[in-house]
Amino acid sequence: MESLALSPASVYPAFLFGTLTYVFIMFCNLLIFTTIVLNKRLHKPMFILLLNLPVSDMIGATTFFPQFVTSIILQNRSISYTACFIQALLIHIYGTASLLSLTAMAYDRYVAICCPLRYNSIMTQNTLVIIFIFIWIVDLTLMLTLLGLLSRFTICRTNIVDVYCNNPSLLKLVCEDRSVNNYYGLFTIVLIQGGSLLVIMYTYIQILLTCLITKQADARGKAIQTCATHLVVYLFLEINAAVNLISHRFENVSPYLRRAMGVAIVVTTPIVNPLIYGLKTKELRQNIMSFFRRNVCSAQPRT
(Lines give C-alpha, C1' and ligand atoms only; values in the text may rest on other atoms or scores of the structure.)
Protein backbone atom coordinates (compact mmCIF):
# COMPACT_ATOMS: atom_id res chain seq x y z
CA MET A 1 0.00 0.00 0.00
CA GLU A 2 0.95 3.66 -0.31
CA SER A 3 3.67 4.61 2.19
CA LEU A 4 2.70 6.86 5.09
CA ALA A 5 6.16 8.49 5.09
CA LEU A 6 6.35 8.62 8.90
CA SER A 7 9.59 9.58 10.59
CA PRO A 8 10.90 7.19 13.28
CA ALA A 9 9.97 9.70 15.99
CA SER A 10 6.34 9.87 14.85
CA VAL A 11 5.67 6.11 14.62
CA TYR A 12 4.57 5.57 18.22
CA PRO A 13 2.52 8.82 18.50
CA ALA A 14 0.76 7.91 15.24
CA PHE A 15 0.11 4.37 16.50
CA LEU A 16 -1.27 5.70 19.80
CA PHE A 17 -3.44 8.29 18.05
CA GLY A 18 -4.85 5.70 15.64
CA THR A 19 -5.54 3.20 18.42
CA LEU A 20 -7.27 5.77 20.65
CA THR A 21 -9.33 7.02 17.71
CA TYR A 22 -10.50 3.47 16.97
CA VAL A 23 -11.35 2.84 20.65
CA PHE A 24 -13.26 6.14 20.80
CA ILE A 25 -15.24 5.30 17.65
CA MET A 26 -16.14 1.83 18.90
CA PHE A 27 -17.09 3.12 22.36
CA CYS A 28 -19.36 5.90 21.05
CA ASN A 29 -21.09 3.73 18.45
CA LEU A 30 -21.52 0.80 20.84
CA LEU A 31 -22.99 3.22 23.38
CA ILE A 32 -25.54 4.52 20.85
CA PHE A 33 -26.39 0.99 19.71
CA THR A 34 -26.71 -0.43 23.24
CA THR A 35 -28.78 2.49 24.51
CA ILE A 36 -31.33 2.15 21.71
CA VAL A 37 -31.52 -1.65 21.90
CA LEU A 38 -31.90 -1.84 25.69
CA ASN A 39 -34.30 1.08 26.16
CA LYS A 40 -37.86 0.31 25.08
CA ARG A 41 -38.75 4.00 25.08
CA LEU A 42 -36.40 4.42 22.13
CA HIS A 43 -38.02 1.67 20.08
CA LYS A 44 -39.47 4.23 17.71
CA PRO A 45 -39.01 4.36 13.93
CA MET A 46 -36.50 7.22 14.04
CA PHE A 47 -34.20 5.46 16.51
CA ILE A 48 -34.66 2.01 15.02
CA LEU A 49 -33.54 3.38 11.64
CA LEU A 50 -30.64 5.09 13.43
CA LEU A 51 -29.38 1.64 14.53
CA ASN A 52 -28.00 1.10 11.03
CA LEU A 53 -25.50 3.94 11.43
CA PRO A 54 -23.51 2.62 14.43
CA VAL A 55 -23.50 -0.85 12.86
CA SER A 56 -22.09 0.43 9.55
CA ASP A 57 -19.69 2.81 11.33
CA MET A 58 -18.24 -0.03 13.40
CA ILE A 59 -17.86 -2.14 10.23
CA GLY A 60 -15.99 0.70 8.52
CA ALA A 61 -13.74 1.50 11.49
CA THR A 62 -12.92 -2.16 12.17
CA THR A 63 -12.14 -2.74 8.50
CA PHE A 64 -9.67 0.17 8.44
CA PHE A 65 -8.08 0.86 11.82
CA PRO A 66 -6.65 -2.51 13.00
CA GLN A 67 -4.78 -3.06 9.73
CA PHE A 68 -3.76 0.61 9.61
CA VAL A 69 -2.28 0.86 13.12
CA THR A 70 -0.60 -2.54 12.75
CA SER A 71 1.14 -1.34 9.59
CA ILE A 72 2.28 1.77 11.48
CA ILE A 73 3.86 -0.08 14.40
CA LEU A 74 5.44 -2.71 12.16
CA GLN A 75 6.45 -0.04 9.62
CA ASN A 76 5.27 -2.41 6.91
CA ARG A 77 2.51 -1.38 4.50
CA SER A 78 2.32 -4.77 2.79
CA ILE A 79 -1.00 -6.62 2.65
CA SER A 80 -2.01 -9.88 0.99
CA TYR A 81 -4.32 -9.70 -2.01
CA THR A 82 -7.00 -11.70 -0.19
CA ALA A 83 -6.92 -9.38 2.83
CA CYS A 84 -6.96 -6.37 0.52
CA PHE A 85 -9.95 -7.76 -1.39
CA ILE A 86 -11.90 -8.35 1.84
CA GLN A 87 -11.03 -4.88 3.13
CA ALA A 88 -12.25 -3.32 -0.13
CA LEU A 89 -15.51 -5.27 0.01
CA LEU A 90 -16.24 -4.26 3.62
CA ILE A 91 -15.29 -0.62 3.01
CA HIS A 92 -17.77 -0.41 0.13
CA ILE A 93 -20.46 -2.20 2.17
CA TYR A 94 -19.91 0.32 4.98
CA GLY A 95 -20.13 3.37 2.70
CA THR A 96 -23.24 2.15 0.88
CA ALA A 97 -25.01 1.18 4.10
CA SER A 98 -24.29 4.62 5.57
CA LEU A 99 -25.69 6.47 2.55
CA LEU A 100 -28.81 4.30 2.35
CA SER A 101 -29.39 4.57 6.12
CA LEU A 102 -29.16 8.37 6.04
CA THR A 103 -31.59 8.37 3.10
CA ALA A 104 -34.04 6.18 5.04
CA MET A 105 -33.76 8.53 8.03
CA ALA A 106 -34.54 11.49 5.76
CA TYR A 107 -37.71 9.70 4.58
CA ASP A 108 -38.70 9.13 8.21
CA ARG A 109 -38.31 12.86 8.97
CA TYR A 110 -40.29 13.71 5.83
CA VAL A 111 -43.23 11.57 6.96
CA ALA A 112 -43.01 12.92 10.54
CA ILE A 113 -43.02 16.59 9.48
CA CYS A 114 -45.10 16.57 6.29
CA CYS A 115 -47.61 13.84 7.21
CA PRO A 116 -47.74 13.91 11.04
CA LEU A 117 -51.29 12.56 11.31
CA ARG A 118 -50.41 9.54 9.13
CA TYR A 119 -46.98 8.92 10.65
CA ASN A 120 -47.94 5.94 12.81
CA SER A 121 -49.91 4.31 10.00
CA ILE A 122 -47.03 4.74 7.51
CA MET A 123 -43.97 3.99 9.68
CA THR A 124 -45.25 0.68 10.99
CA GLN A 125 -43.18 -2.29 12.10
CA ASN A 126 -43.66 -3.90 8.69
CA THR A 127 -42.42 -0.74 6.98
CA LEU A 128 -39.30 -0.69 9.14
CA VAL A 129 -38.58 -4.35 8.37
CA ILE A 130 -38.96 -3.65 4.64
CA ILE A 131 -36.59 -0.66 4.89
CA PHE A 132 -33.99 -2.70 6.81
CA ILE A 133 -34.17 -5.58 4.33
CA PHE A 134 -34.03 -3.20 1.37
CA ILE A 135 -30.93 -1.39 2.70
CA TRP A 136 -28.88 -4.51 3.35
CA ILE A 137 -30.02 -6.59 0.35
CA VAL A 138 -29.33 -3.74 -2.07
CA ASP A 139 -26.02 -3.00 -0.35
CA LEU A 140 -24.76 -6.59 -0.27
CA THR A 141 -26.02 -7.43 -3.78
CA LEU A 142 -24.42 -4.41 -5.45
CA MET A 143 -21.12 -4.59 -3.56
CA LEU A 144 -20.68 -8.37 -3.87
CA THR A 145 -21.28 -8.01 -7.60
CA LEU A 146 -18.86 -5.07 -7.80
CA LEU A 147 -16.03 -6.97 -6.14
CA GLY A 148 -17.09 -10.26 -7.73
CA LEU A 149 -16.41 -8.79 -11.16
CA LEU A 150 -12.91 -7.96 -9.94
CA SER A 151 -12.17 -11.49 -8.77
CA ARG A 152 -12.07 -12.83 -12.35
CA PHE A 153 -8.84 -10.95 -13.11
CA THR A 154 -5.20 -11.85 -12.49
CA ILE A 155 -3.28 -8.87 -11.12
CA CYS A 156 -0.08 -7.67 -12.82
CA ARG A 157 0.84 -4.86 -10.40
CA THR A 158 1.29 -4.73 -6.63
CA ASN A 159 1.08 -1.09 -5.50
CA ILE A 160 -2.20 0.10 -3.96
CA VAL A 161 -2.42 3.85 -4.59
CA ASP A 162 -4.64 4.62 -1.57
CA VAL A 163 -4.28 4.45 2.20
CA TYR A 164 -6.64 1.47 2.24
CA CYS A 165 -7.92 -1.00 -0.34
CA ASN A 166 -10.97 -0.19 -2.44
CA ASN A 167 -12.39 -1.20 -5.80
CA PRO A 168 -10.78 1.58 -7.91
CA SER A 169 -7.32 1.01 -6.43
CA LEU A 170 -7.63 -2.77 -6.93
CA LEU A 171 -8.70 -2.24 -10.54
CA LYS A 172 -5.45 -0.36 -11.15
CA LEU A 173 -3.57 -3.59 -10.43
CA VAL A 174 -5.17 -5.21 -13.49
CA CYS A 175 -3.66 -5.05 -17.00
CA GLU A 176 -6.62 -6.65 -18.83
CA ASP A 177 -9.71 -4.96 -20.27
CA ARG A 178 -11.66 -3.44 -17.35
CA SER A 179 -14.52 -1.90 -19.33
CA VAL A 180 -17.27 -4.00 -17.72
CA ASN A 181 -15.99 -3.15 -14.24
CA ASN A 182 -15.77 0.56 -15.07
CA TYR A 183 -19.31 0.66 -16.47
CA TYR A 184 -20.72 -1.26 -13.51
CA GLY A 185 -18.83 1.01 -11.10
CA LEU A 186 -20.40 4.07 -12.74
CA PHE A 187 -23.80 2.36 -12.58
CA THR A 188 -23.47 1.82 -8.81
CA ILE A 189 -22.36 5.44 -8.29
CA VAL A 190 -25.35 6.78 -10.23
CA LEU A 191 -27.79 4.35 -8.59
CA ILE A 192 -26.65 4.68 -4.98
CA GLN A 193 -25.37 8.23 -4.76
CA GLY A 194 -27.58 9.71 -7.45
CA GLY A 195 -30.67 7.87 -6.23
CA SER A 196 -30.12 8.79 -2.58
CA LEU A 197 -29.46 12.42 -3.56
CA LEU A 198 -32.78 12.60 -5.43
CA VAL A 199 -34.63 11.21 -2.40
CA ILE A 200 -32.84 13.66 -0.09
CA MET A 201 -33.61 16.62 -2.38
CA TYR A 202 -37.30 15.70 -2.66
CA THR A 203 -37.80 15.08 1.06
CA TYR A 204 -36.00 18.23 2.16
CA ILE A 205 -37.77 20.46 -0.34
CA GLN A 206 -41.07 19.14 0.99
CA ILE A 207 -39.89 19.59 4.59
CA LEU A 208 -38.75 23.16 3.86
CA LEU A 209 -42.09 24.03 2.26
CA THR A 210 -43.96 22.57 5.22
CA CYS A 211 -41.80 24.50 7.68
CA LEU A 212 -42.40 27.76 5.80
CA ILE A 213 -46.19 27.46 5.96
CA THR A 214 -46.47 26.18 9.53
CA LYS A 215 -47.67 28.71 12.08
CA GLN A 216 -45.89 27.11 15.04
CA ALA A 217 -42.51 28.84 15.31
CA ASP A 218 -41.12 26.39 17.89
CA ALA A 219 -42.02 23.36 15.79
CA ARG A 220 -40.59 25.03 12.68
CA GLY A 221 -37.31 25.85 14.41
CA LYS A 222 -36.94 22.35 15.83
CA ALA A 223 -37.67 20.70 12.47
CA ILE A 224 -35.20 22.92 10.61
CA GLN A 225 -32.46 22.33 13.20
CA THR A 226 -32.92 18.54 13.12
CA CYS A 227 -33.01 18.34 9.35
CA ALA A 228 -30.10 20.75 8.84
CA THR A 229 -27.86 18.58 11.04
CA HIS A 230 -28.89 15.44 9.17
CA LEU A 231 -28.31 17.16 5.82
CA VAL A 232 -24.77 18.22 6.80
CA VAL A 233 -23.89 14.64 7.79
CA TYR A 234 -25.32 13.28 4.53
CA LEU A 235 -23.63 15.85 2.27
CA PHE A 236 -20.27 15.31 3.98
CA LEU A 237 -20.38 11.58 3.25
CA GLU A 238 -21.91 12.02 -0.21
CA ILE A 239 -19.33 14.56 -1.40
CA ASN A 240 -16.35 12.70 0.07
CA ALA A 241 -17.45 9.39 -1.45
CA ALA A 242 -18.21 10.91 -4.86
CA VAL A 243 -14.90 12.77 -5.09
CA ASN A 244 -12.94 9.74 -3.88
CA LEU A 245 -14.52 7.35 -6.39
CA ILE A 246 -14.65 9.65 -9.41
CA SER A 247 -11.12 11.05 -8.89
CA HIS A 248 -9.66 7.64 -9.75
CA ARG A 249 -10.95 8.13 -13.30
CA PHE A 250 -8.93 11.33 -13.84
CA GLU A 251 -5.14 11.24 -13.76
CA ASN A 252 -4.76 14.99 -13.13
CA VAL A 253 -6.55 14.86 -9.75
CA SER A 254 -4.16 15.23 -6.82
CA PRO A 255 -3.56 11.84 -5.15
CA TYR A 256 -3.24 13.67 -1.82
CA LEU A 257 -6.75 15.10 -2.19
CA ARG A 258 -8.10 11.65 -3.07
CA ARG A 259 -6.41 10.03 -0.06
CA ALA A 260 -7.59 12.80 2.28
CA MET A 261 -11.19 12.34 1.09
CA GLY A 262 -10.87 8.57 1.44
CA VAL A 263 -9.54 8.76 4.99
CA ALA A 264 -12.28 11.24 5.96
CA ILE A 265 -14.91 8.66 5.00
CA VAL A 266 -13.60 5.98 7.40
CA VAL A 267 -12.32 8.28 10.18
CA THR A 268 -14.41 11.46 10.39
CA THR A 269 -17.85 10.00 9.62
CA PRO A 270 -17.79 7.27 12.34
CA ILE A 271 -16.72 9.95 14.85
CA VAL A 272 -19.21 12.62 13.80
CA ASN A 273 -22.30 10.38 13.55
CA PRO A 274 -22.51 9.25 17.22
CA LEU A 275 -21.56 12.72 18.47
CA ILE A 276 -24.25 14.43 16.42
CA TYR A 277 -27.02 11.90 16.96
CA GLY A 278 -26.01 11.17 20.55
CA LEU A 279 -25.59 14.78 21.70
CA LYS A 280 -28.00 16.67 19.44
CA THR A 281 -30.96 14.29 19.79
CA LYS A 282 -32.45 15.23 23.17
CA GLU A 283 -34.31 11.99 23.88
CA LEU A 284 -31.31 9.83 23.03
CA ARG A 285 -28.96 12.07 25.01
CA GLN A 286 -31.16 11.85 28.10
CA ASN A 287 -31.32 8.07 27.86
CA ILE A 288 -27.53 7.84 27.49
CA MET A 289 -27.12 9.93 30.66
CA SER A 290 -29.64 7.74 32.48
CA PHE A 291 -27.75 4.65 31.27
CA PHE A 292 -24.51 6.01 32.76
CA ARG A 293 -26.18 6.96 36.03
CA ARG A 294 -27.69 3.50 36.42
CA ASN A 295 -24.70 1.42 35.34
CA VAL A 296 -21.63 3.54 36.14
CA CYS A 297 -22.53 5.65 39.16
CA SER A 298 -24.31 2.77 40.88
CA ALA A 299 -21.18 0.60 40.48
CA GLN A 300 -19.00 3.04 42.43
CA PRO A 301 -18.41 1.99 46.05
CA ARG A 302 -20.15 4.08 48.66
CA THR A 303 -18.20 5.56 51.57
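This is a predicted model: local features need pLDDT of at least 70, side-chain atom pairs count only at pLDDT 80 or more; totals for chains, interfaces and linings use all residues.

Rolling a probe the size of a water molecule over the atoms shows where empty space is left. How many cavities of 30 Å³ or more does the structure hold? The count is one. The volume of the largest cavity is about 40 Å³. Its lining is made of Asn 29, Ile 32, Leu 50, Leu 53, Pro 54, Asp 57, Asn 273, Pro 274 and Tyr 277. Helix 1, helix 3 (52–74) and helix 10 (255–279) each give two or more residues to that lining. Sorted by class, the lining has six nonpolar residues, two polar and one charged.

Now go to Thr 21. This residue is in helix 1, which spans residues 11–38. Helix 1 is one of the elements that give two or more residues to the cavity lining. Is Thr 21 buried or exposed? Its relative accessible area is 10%. The cut-off for buried is under 20%, so Thr 21 counts as buried. Its side chain reaches the backbone oxygen of Phe 17 at 2.7 Å. What else does Thr 21 touch, leaving aside neighbours within four places in sequence? The contacts are Phe 65, Val 267 and Ile 271.

Next comes the open space. The second largest pocket has a volume of about 550 Å³. Its lining counts 31 residues. Closest to the centre are His 92, Asn 167, Pro 168, Ile 189 and Leu 245. Which elements give two or more residues to this lining? They are helix 4, helix 6 (125–150), helix 7 (167–171), helix 8 (179–213) and helix 9 (217–247). Helix 8 supplies the largest share, with seven residues. By class, the pocket lining holds 15 nonpolar, 12 polar and four charged residues.

Finish with Thr 96. It lies in helix 4, residues 81–114. Helix 4 is among the elements that give two or more residues to the pocket lining. Thr 96 has a relative accessibility of 6%. That value falls under the 20% cut-off, so Thr 96 is buried. Leaving aside neighbours within four places in sequence, Thr 96 is in contact with Asp 139, Met 143 and Ile 192.

Terms used. Residues are numbered from 1 along each chain as its sequence is written. Side-chain values use heavy atoms; hydrogens and water are left out. Helices (H or I, at least four residues) and strands (E, at least two) are DSSP runs, numbered from the N terminus. Buried means under 20% relative accessible area, exposed over 50%, partly exposed in between (1.4 Å probe, protein chains only). A polar contact is a pair of N or O atoms within 3.5 Å; within protein, one must be able to donate a hydrogen and the other to accept it, and residues adjacent in sequence count only if both atoms are side-chain atoms. Contact means heavy atoms within 4.5 Å. On a 1 Å grid over the protein atoms alone, a cavity is a set of points where a 1.4 Å probe fits but cannot get out, and a pocket is an open set with protein on both sides within 12 Å along at least five of seven lines; lining residues have an atom within 4 Å of a point. Grid points are joined across faces, edges and corners, and a volume is the space filled by probe spheres set on the points. Ala, Val, Leu, Ile, Met, Phe, Trp, Tyr, Cys and Pro count as nonpolar, Asp, Glu, Lys and Arg as charged, and the others, Gly among them, as polar.
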